[in-house]
Amino acid sequence: MLSFRALSLATLSVLAAQPALAAKGGVPTVVVDIAPLQGLVASVMGDLGEPHLLIPTGASPHDYALRPSDSQSLSGADLVVWVGPGLSSFLVKPLETLASKAESLEMEDVKGVTLLHYRDLDGEDEDDHDHDHEDHDHEDHADNDHAEDHAQDEGHGHHHHVGDVDPHMWLAPDNGLALISAVETALSDLDPAHAATYAANAESTRARISTLKSWMEGQLKPVADKHFMVFHDAYQYLETLGGPKAVGALTLSPEVAPGAKHLSEIRERLSTQDVSCVFAEPQFPTALVDQVIEGTSARGAVLDPLGASIPVGAGHYEATLRNLTETLVDCLSGK
């Protein structure tokens, strides 16, 4: 027969092993990888809770390492919302270990999210690889999940990514709308008592994103014939709104510096392709962009796909897309 002390310890062990949902009184504990997605989740949760953000604003998911506090948050999570291994590869193993009891909502797998394959902006004909749409059966994507090769050719910057899907999918407002619906469903399944609140919050968030999409299209249309270059190719989802197109990238992998030959080719194309702007990103040094545009007529500016300067929480997603649009339009129109 178990002693009272042994029985108490066994009971405490069982209680400690219960998911965080029970301790929270029904409201799920949610962890999100990047700030724009955290903003969408926060909008759906409203006053019921604040999702934990893993990657601080200003940091890059390409080389992020979990902190002890992140590990603790993952261990207590009921739901993890993340872009997928193409962007946050550091999360693959922790999801299997630390957050093995949590539901995983991967944006790359959300129904209704349009995926684009990686393209090559090194000077090949854009029609050869222009906007390959993938409508979410993921048969070919699953075959090379988690397979990564960081080899890069110095001259041309060719890089093999995790799978062939460009992971910057949150930059298309329609994809944001699809994620909102998926988050609403996931939260309601975990917490049926607050399903009506999640539904109402999701509906108002979708209305704001739809209005934002229309505004973005109107802003981008007047500069649709302009050309720009980027630090790395993260903006083809934004280009689906009918605005200007990127015609070059300084590097196809943010973790690997481009070679001298590639930079020389980029400088030559600044004039031959009538490039108005070259955009850096706040997560990476701007010296490379300054070096490339020196002595040319191209202007330099900073595009921020992660909203590094925007407060975390509800509204972050909208503010990030609005700032991206304004920065792009202002530079291309010479403001």
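How many helices and strands does the secondary structure of the chain come to? The count is twelve helices and twelve strands. Keep in mind that this is a predicted model. Of the 335 residues in the chain, 51% are buried. If you take contacts between residues at least 6 apart in sequence, 65% of them join residues at least 24 apart.

**Around strand 3**

Let's start with strand 3, residues 79-82.

| Strands | Sense | Bridges | Residues standing opposite |
|---|---|---|---|
| Strand 1 and strand 3 | parallel | three | Val-31 and Val-80 |
| Strand 3 and strand 4 | parallel | four | Val-80 and Ser-104 |

Are the residues of strand 3 buried or exposed? Leu-79 and Val-81 on one side are buried, and so are Val-80 and Trp-82 on the other, which leaves both faces of the strand covered.

Nonpolar side chains in soluble globular proteins tend to be buried together. Here the largest nonpolar core has 75 residues, and Leu-37, Val-80, Val-81, Trp-170 and Leu-179 have the most contacts inside it. Helix 7 (residues 173-190) gives this core its largest share, eight residues. Which residues does Leu-37 contact, leaving aside its neighbours within four places in sequence? They are Val-32, Val-81, Trp-82, Val-83, Met-107, Trp-170 and Leu-179. Another core, of 16 residues, lies apart from the largest one and includes Leu-263, Val-278, Ala-280 and Val-292.

**Helix 7 meets helix 8**

To describe two packed helices, you give the angle between their axes and the distance between the axes. For helix 7 and helix 8 (residues 195-220), the angle is about 175 degrees and the axes are 9 Å apart. Angles over 145 degrees count as roughly antiparallel, so that is the label for helix 7 and helix 8. Among the residues making the contact are Leu-177, Ile-180 and Leu-187 of helix 7, with Tyr-198, Ile-209 and Met-216 of helix 8. Sorted by class, the contact has ten nonpolar, four polar and four charged residues.

Glu-184 is worth a look of its own. This residue lies in helix 7 and has a relative accessible area of 18%. Under 20% counts as buried, so Glu-184 is buried. Not counting residues up to four places away in sequence, Glu-184 touches Val-44, Tyr-198, Ala-199, Ala-202 and Arg-206.

What is the order of the strands in the open sheet of four? The order is 10-9-11-12, with parallel pairing. Strand 10 (245-249) and strand 12 (299-302) are at the edges with a single partner each, so one side of each has no neighbour in the sheet. From one strand to the next, the twist averages 35 degrees.

Strand 11 (residues 275-280) runs parallel to strand 12, and four bridges join them. Within that pair, Cys-277 stands opposite Arg-299. Helix 12 (residues 316-332) packs on the sheet and touches strand 9, strand 11 and strand 12, making about 145 degrees with the direction of strand 11. Helix 10 (residues 260-272) lies across strand 9, strand 10 and strand 11, at about 145 degrees to strand 10.

Key: Residues are numbered from 1 along each chain as its sequence is written. This is a predicted model: local features need pLDDT of at least 70, side-chain atom pairs count only at pLDDT 80 or more; totals for chains, interfaces and linings use all residues. Side-chain values use heavy atoms; hydrogens and water are left out. Two strands pair if DSSP finds at least two bridges between them. Helices (H or I, at least four residues) and strands (E, at least two) are DSSP runs, numbered from the N terminus. Axes are lines fitted to C-alpha atoms, for helices over the stretch in contact, and angles run from 0 to 180 degrees between N-to-C directions. Contact means heavy atoms within 4.5 Å. A nonpolar core is a set of buried Ala, Val, Leu, Ile, Met, Phe, Trp, Tyr and Cys residues joined through side-chain atoms within 4.5 Å. Buried means under 20% relative accessible area, exposed over 50%, partly exposed in between (1.4 Å probe, protein chains only). Angles under 35 degrees count as roughly parallel, over 145 as roughly antiparallel, 65 to 115 as roughly perpendicular and the rest as oblique. Ala, Val, Leu, Ile, Met, Phe, Trp, Tyr, Cys and Pro count as nonpolar, Asp, Glu, Lys and Arg as charged, and the others, Gly among them, as polar.
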